[in-house]
Amino acid sequence: MKSTALTETHIALGAKMVPFAGYNMPVSYEGVNVEHETVRKAVGVFDVSHMGEFLIEGPKALELIQKVSSNDATKLTVGKAQYSCMPNETGGVVDDLIIYGVKEETYLLVVNASNIEKDWNHISKYNESIGAAMKNISDDYSLLAIQGPKAVEAMQSLSSIDLSEIKFYNFVVGDFAGINHVIISATGYTGSGGFEIYCKNSEVQQVWDKVLEAGSDFGIKPIGLAARDTLRLEMGYCLYGNDIDDTTSPLEAGLGWITKFTKDFVNSEALAAQKEAGVARKLIAFELQERGIPRQGYAIVDADGNEIGKVTSGTMSPSLSKGIGLGYVPKEHSQVDTEIYIQIRKAQVKASIVKLPFYKG
């Protein structure tokens with residue numbers, strides 16, 4: 001099992017550690033509800049250094065990215081980030097990712113930890129005929145997510161850059177916590193604002209310590225992966241392996257907004273045909289109307305008791321104090337306000353389909 005550069009620090013802080021995507025990762029420190037509320041109301045810091053990073057460079061870099069990703073990377077000027085996905089050849093998704101326009105002809109791809117090798121092989125296969133320069137820097141870089149409404153105020157003393165000026169899905173390369181050439185990115189997976197900080201493994205301990213020190217007056221706490229999951233689910237953000245995978249189309253998953261048919265990309269013809277014909281199933285969001293906690297794999301049933309789908313992600317929402325979840329159902333059952341039931345052990349618990357996000361802030 002791999003460790004991040006901060007694994008010993010998490011253990012010293014009393015974190016509960018679990019294996020995740022091949023890494024020894026902190027799942028919680030004080031408990032999911034406390035940590036969740038810290039991010040919603042103040043500021044928290046996550047170690048997400050298990051994520052993968054690839055550099056794609058050179059005159060052929062954009063051509064390769066346009067081929068393997070669904071979004072239009074020509075819009076990626078220097079200093080901008082873009083959410084995208086990599087379709088496979090059979091209608092599903094290899095991975096979702098964020099692509100950064102670092103400088104002219106240089107792009108940083110940030111991919112899910114569990115998919116690093118798979119993604120690398122997939123991109124490499126298409127690069128054989130294109131010839132961009134590719135570098136896997138996943139093992140050399142660390143990533144901290146500083147998230148919450150007080151993130152800007154709490155972190156401003158650590159940088160000469162005006163953090164409030166960095167717009168959503170934009171980034172700067174500059175000084176942070178005494179380190180130069182750090183990527184400060186106004187991205188995140190929580191829906192409560194903040195930054196993601198990319199630095200070298202040798203620098204991350206200093207950054208972590210200074211972040212906790214600077215944030216101490218603002219109630220900062222280290223946050224584990226359990227709260228990361230409840231936070232992202234309240235926003236309806238897809239988690240690879242749960243809500244999207246090699247069998248789910250980006251259109252079924254509600255990711256049509258990052259699927260641009262103005263260019264040719266992997267499986268774009270088939271996906272365009274699917275868009276034209278309409279999808280047969282859709283990823284829906286639901287809230288339980290009665291007590292219960294929906295979990296991944298639970299059956300979704302209609303009013304007549306027929307199974308129509310499966311829960312892909314589910315939890316007790318700390319912000320809403322009710323069960324929430326995502327799952328795929330046939331299109332005819334996907335309308336907002338439709339009444340459905342979640343099979344929780346022997347009980348069929350009433351739920352209704354709702355619009356995302358669950359948490360409105």
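Analyst: Here's a walk through the open sheet, followed by a few other spots in the chain. Keep in mind that this is a predicted model.

Let's start with the layout. The open sheet has 6 strands, in the order 10-11-12-9-3-13, and their pairing is mixed. At the edges you'll find strand 10 (171-176) and strand 13 (221-222), each of which pairs on one side only.

Now look inside the sheet. Strand 9, residues 141-147, runs antiparallel to strand 12, residues 194-200, and the two are joined by 7 bridges. To get your bearings there, pick out Ser142: its bridge partner in strand 12 is Cys199. Packed on this sheet is helix 6, residues 201-215. Helix 6 touches strand 3 (44-47), strand 9, strand 10, strand 11 (179-185), strand 12 and strand 13. Its direction makes about 145° with that of strand 12.

Lys2 and Asp139 form a salt bridge, with their closest N and O atoms 3.5 Å apart. Lys2 sits in the segment before helix 1 (7-12), while Asp139 is in the loop between strand 8 (133-136) and strand 9, so the pair ties together distant parts of the chain, 137 residues apart. Side chains of opposite charge can pair when their charged atoms come close. In total, the model has 15 salt bridges.

Next, a pair of helices. The axes of helix 3 (residues 61-68) and helix 4 (residues 116-127) come within 10 Å and cross at roughly 120°, which means helix 3 is oblique to helix 4. The crossing is right-handed. Helix 3 brings Leu64, Lys67 and Val68 to the contact, and helix 4 brings Ile123, Tyr126 and Asn127. Sorted by type, these residues are 4 nonpolar, 1 polar and 1 charged.

Strand 18 (residues 339-344) pairs antiparallel with strand 15 (residues 299-301) over 2 bridges, and here Val301 stands opposite Tyr341. Strand 18 also pairs antiparallel with strand 19 (residues 347-354), this time over 6 bridges. Ile344 faces Ala347 across that pairing. Strand 18 and strand 19 make a hairpin with 2 residues between them, and Arg345 in the turn has a positive phi of about 55°.

Methods: Residues are numbered from 1 along each chain as its sequence is written. This is a predicted model: local features need pLDDT of at least 70, side-chain atom pairs count only at pLDDT 80 or more; totals for chains, interfaces and linings use all residues. Side-chain values use heavy atoms; hydrogens and water are left out. Two strands pair if DSSP finds at least two bridges between them. Helices (H or I, at least four residues) and strands (E, at least two) are DSSP runs, numbered from the N terminus. Contact means heavy atoms within 4.5 Å. Axes are lines fitted to C-alpha atoms, for helices over the stretch in contact, and angles run from 0 to 180 degrees between N-to-C directions. Angles under 35 degrees count as roughly parallel, over 145 as roughly antiparallel, 65 to 115 as roughly perpendicular and the rest as oblique. A crossing is left-handed if the near helix is turned anticlockwise from the far one by less than a right angle, and right-handed if clockwise. Ala, Val, Leu, Ile, Met, Phe, Trp, Tyr, Cys and Pro count as nonpolar, Asp, Glu, Lys and Arg as charged, and the others, Gly among them, as polar. A salt bridge is a side-chain nitrogen of Lys or Arg within 4 Å of a carboxyl oxygen of Asp or Glu.
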